[in-house]
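Let's take a friendly walk through this chain together. Have the sequence and the model at hand as you read.

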Amino acid sequence: MILWFSGLNLLLFVLLGIFLWNQKKKENQHLQSILDIVKQQSSQNSGVVICLSYHSSKHKALCELIDHVSKNKLVIVYDAPKWLFLSKQKKWTSHLLIPSTSIPHLADETRVIKFCGTKYNIINEATEYIAYQYLQNH
């Protein structure tokens, strides 16, 4: 009985590992497709994509930081009403704004995705990253 129970635990552990590996593989493929979309739309891809949601509590602070970043061209996947998207597109002419409808997976998340080759880092503290990375010397 104990041996059977141990075998069942081992089987469940292996199945869980396979499931998590498969989920990670799907996420990697999805983020790689995001990078491909950004590369198609931007000739000056820095490897950093800012995902900004209008519904986020950090929206206002992040928009104010982006207003002050002028030397670097940022790639921003922006989830907002159409009127606000168009307004920010006129205001942020030095940056590339991509509507979140073209990349629906990122629609409700505010974060920074930093790509390096086929690997990536997800930075959930977008305001701190932008302030440190782009505004520390200004």
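## A strand and its partners

In β4, R111 is the bridge partner of C51. This is a predicted model, in which local features need pLDDT of at least 70 and side-chain atom pairs count only at pLDDT 80 or more, while totals for chains, interfaces and linings use all residues. Residues are numbered from 1 along each chain as its sequence is written, and side-chain values use heavy atoms, with hydrogens and water left out.

β1 and strand β4 (residues 111-116) pair in the antiparallel sense, over 4 bridges; two strands pair if DSSP finds at least two bridges between them. β1 also runs parallel to β2, joined to β2 by 5 bridges. There, S53 has D79 of β2 as its bridge partner.

How many residues of strand β1 (residues 48-53) are buried? The count is 6 of the 6, so β1 is largely enclosed by the rest of the structure. Buried means under 20% relative accessible area, with a 1.4 Å probe and protein chains only. In a regular strand the side chains alternate between the two faces of the sheet. Both faces of β1 are covered, and the table lists the buried residues on each.

| Side of β1 | Buried residues |
|---|---|
| One side | V48, I50, L52 |

Together with helix α2 (residues 59-68), β1 and β2 make a right-handed β-α-β unit. Right-handed here means that, with the strands pointing away from the viewer, the path from the first strand over the helix to the second runs clockwise.

## The aromatic rings

The structure holds 2 aromatic pairs. Rings of Phe, Tyr and Trp (its six-membered ring) pair if their centres lie within 6.5 Å; planes under 30 degrees apart count as stacked, over 60 as edge-to-face and the rest as tilted. The ring centres of Y78 and W92 are 6.1 Å apart and their planes stand at 55 degrees, so this pair is tilted. The pair links distant parts of the chain, 14 residues apart: Y78 lies in strand β2 (residues 75-79), and W92 in the loop between α3 (82-91) and β3 (96-99). Y78 is buried, at 1% relative accessible area, and W92 is buried at 2%. Y78, F85 and W92 form one aromatic cluster.

## The whole chain

The chain has 4 helices and 5 strands, in the order α-β-α-β-α-β-β-β-α along the sequence. Helices (H or I, at least four residues) and strands (E, at least two) are DSSP runs, numbered from the N terminus. Of the 138 residues in the chain, 35% are buried.

Notes:
Buried means under 20% relative accessible area, exposed over 50%, partly exposed in between (1.4 Å probe, protein chains only).
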